[in-house]
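Trainee: I would like to learn how to read a protein model step by step. Could we go through some features together, with the general idea before the case?

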Amino acid sequence: MKLGEDNKRLMLIGGELTASQTGEWLPSINPATEEVIGYTPAAAASDVDAAAKAATQAWPAWNALGVEARGEALREVARQLKARSDEILAVEVADTGNTISALKGDVDAAVWSLNHYAGLGYELKGETIPATPGNLHLTVREPFGVVGRIVPFNHPIMFAAARTAAALMAGNAVVVKPPETSPLSATIFAEICQQVLPPGVMNVVTGLGRDAGDAIARHPDIKRIAFIGSPGTARQIQKSAADVCVKHISLELGGKNPMIVFPDADLERAKDAAVRGMNFAWQGQSCGSTSRLLVHDSLYDEFVESVVARVRQIRLGNPALETSTMGPINSKAQYDKVCNYVEVAKADGARLVHGGRRPEGAGFQRGYWLEPTVFADVTSQMRIAQEEVFGPILSIMRWSDAKQALDIANSVEYGLTASIWTADIGTAMQTARQVRSGYIWINGVGTHFRGVPFGGYKNSGVGREESLDEMLSYTETKVINIML
Ligand code: NAD
């Protein structure tokens with residue numbers, strides 16, 4: 001793909017690569033330079049309707065192919081994705097601002113996930129239940145038909161590819177809507193799917209959330225929606241869907257995740273983890289970022305100093321270079337939101353100990369650049385401790401007894417991940433069980449382990465993904481009673 005003003009990309013609807021019916025286009029901006037690098041169609045409700053109709057027509061035959069043939073098709077998508085990985089990476093770096101070293105993991109994860117679900121077909125099995133003697137009571141799993149997938153900007157290719165594989169493997173056709181600020185890589189995925197999958201099985205519909213996204217939420221033939229994004233949008237989707245009919249909606253949402261450091265922890269590892277867990281290579285734009293660092297009183301001052309020393313080592317720069325360990329924030333809107341949180345935190349009394357400004361130097365005059373930022377002496381009442389920033393801002397908080405640490409950890413409306421650092425297995429397990437979050441690391445941080453269910457408590461979500469649970473969530477259970 002040649003990036004620039006002439007780069008007009010297409011969606012995939014019913015097996016055809018196409019512009020939108022409105023003829024309107026959305027620009028993609030490189031957040032490192034603010035240059036236009038391409039355009040994608042601004043889909044309207046009529047495009048979503050065409051995609052939903054194509055998917056409705058396509059899924060019965062796709063399902064009837066059986067698990068072996070569907071699995072082989074997914075493996076071929078994976079092969080082609082891998083074959084185009086250099087092109088995808090170049091596009092994704094320019095479109096998202098995420099560093100190339102971090103993004104390599106995304107393409108690998110997409111390939112792995114397609115292959116993983118390709119091999120899970122035989123798990124689409126049912127049960128027999130001994131409800132009455134002499135008869136057969138059995139369950140079978142059936143696809144919903146059409147699944148609507150709406151995904152955010154931080155991992156566009158991974159979400160388009162990895163997070164549609166399970167729905168396809170379960171026998172559904174998919175309508176996926178990539179994020180409007182970083183949609184380009186998904187159009188490569190669309191080209192691959194056009195080559196490999198029967199028409200209508202995968203539909204890639206680009207456009208704005210309020211138009212294409214809302215049209216997916218409202219489409220009466222899309223009975224199952226899988227959303228990744230913010231809680232505000234999630235609630236809007238639930239409302240729009242409820243206006244039309246009853247839908248199955250799973251939600252992978254944001255986090256305000258605590259990392260709790262006990263005095264007996266391996267402190268050097270914990271300090272490294274505090275920085276790694278913030279995912280600065282994604283500018284902190286990761287749902288699982290441990291953006292609240294809860295440090296015991298006895299360690300506090302030295303810990304803050306050591307964390308800041310590590311943050312100073314972050315190499316902000318052109319995200320296409322392997323040497324850069326942090327890039328620009330994804331979009332102007334996200335940049336403004338994050339910068340505003342710097343001011344809010346200062347006004348609320350948090351102590352700025354690093355960053356909080358546009359970096360100096362020739363490469364940073366244009367683009368959405370912010371230094372990695374650390375606030376100390378953050379308290380639970382402050383907005384910076386309560387609200388998801390989704391940017392490179394770490395808040396450090398102090399606690400003096402374990403109950404207080406737990407209270408702080410649980411004081412937010414989110415419950416996605418938590419990281420606990422201690423040498424005592426009893427403390428670790430007690431804390432793990434009492435933190436109201438869906439994904440806990442003990443003496444670890446950041447990693448999504450393959451095949452392990454990921455998802456949140458509270459406003460962080462509904463349902464679990466990245467696992468067998470995800471594939472089964474794209475099926476309905478039918479009971480058949482055979483009276484012998
Ligand atoms: P967002 O909610 O603004 O947008 C997500 C997607 O929803 C985009 O494709 C957008 O176009 C679409 N959308 C927007 N309005 C819509 C509407 N009214 N109806 C239907 N669709 C609509 O989120 P974002 O800013 O792109 O991403 C950041 C959020 O995503 C953060 O909260 C982050 O924590 C969350 N996230 C969660 C996970 C997870 O696995 N839990 C992973 C990544 C990101």
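Trainee: Is Thr 431 buried or exposed, and why?

Mentor: The general idea is that a residue counts as buried when its relative accessible area is under 20%. In this predicted model, Thr 431 has a relative accessibility of 7%, and therefore it counts as buried. Thr 431 is placed in helix H14, and, once residues up to four places away in sequence are set aside, it touches Ile 260, Phe 262, Leu 406 and Ile 420.

Trainee: What does helix H14 pack on?

Mentor: An open sheet with mixed pairing is formed by 7 strands, and their order is S13-S14-S15-S12-S11-S17-S18. Strand S13 (351–354) and strand S18 (439–442) are the edge strands, each of which pairs on one side only. From one strand to the next, the twist averages 20°. Helix H9 (residues 267–276) packs on this sheet, where it touches strand S11 (258–261), strand S12 (292–296), S15 and strand S17 (417–421), and its direction makes about 165° with that of S11. Helix H14 (residues 425–434) also packs on the sheet, touching S11, S17 and S18, and the direction of H14 makes about 165° with that of S18.

Trainee: In which sense do strands S14 and S15 pair, and over how many bridges?

Mentor: Strand S14 (residues 373–376) pairs with strand S15 (residues 393–399) in the parallel sense, over 3 bridges. If you look for Thr 373, you will find that it stands opposite Ile 393 in S15.

Trainee: How should I read the packing of two helices, for instance H7 and H8?

Mentor: In general, two packed helices are described by the angle between their axes and by the distance between those axes. Here, helix H7 (residues 209–218) and helix H8 (residues 231–244) pack with their axes 7 Å apart and at an angle of about 45°, which means that H7 is oblique to H8. The crossing in which H7 passes H8 is right-handed. On the side of H7, the residues Asp 214, Ala 217 and Arg 218 meet Ile 237, Ser 240, Ala 241, Asp 243 and Val 244 in H8.

Trainee: Which value does phi take in Gln 283, and what is it in Asp 377?

Mentor: The general idea is that most residues other than glycine have a negative phi. Gln 283, a residue other than glycine, has a positive phi near 60°, and Asp 377, although it is not a glycine, has a positive phi of about 55°. Gln 283 is placed in the loop between H9 and S12, while Asp 377 is found in the loop between S14 and helix H12 (383–386). Gln 283 counts as buried because its relative accessibility is 0%, whereas Asp 377, with a relative accessible area of 29%, is partly exposed.

Trainee: Where does UniProt place the feature "active site"?

Mentor: An annotation of this kind comes from a record, and it may be inferred rather than shown by experiment. The UniProt record, an unreviewed entry, places the feature "active site" at Glu 252. In the model, Glu 252 lies in strand S10 (residues 248–252) and, at 5% relative accessibility, counts as buried. Leaving aside neighbours within four places in sequence, the residues in contact with Glu 252 are Phe 227, Ile 228, Gly 229, Phe 454, Gly 455, Ser 460, Gly 463, Arg 464 and Glu 465.

Key. Residues numbered from 1 in each chain as written. Predicted model: local features only at pLDDT ≥ 70, side-chain atom pairs only at ≥ 80, totals over all residues. Heavy atoms only, no water. Helix = DSSP H or I, 4+ residues; strand = E, 2+ residues; numbered from the N terminus. Buried < 20%, exposed > 50% of the residue type's maximum accessible area, 1.4 Å probe, protein only. Contact = heavy atoms within 4.5 Å. Pairing = 2+ DSSP bridges. Axes fitted to C-alpha atoms, helices over the stretch in contact; angles between N-to-C directions. Parallel < 35°, antiparallel > 145°, perpendicular 65-115°, else oblique. Left-handed = near helix turned anticlockwise from the far one by under 90°.
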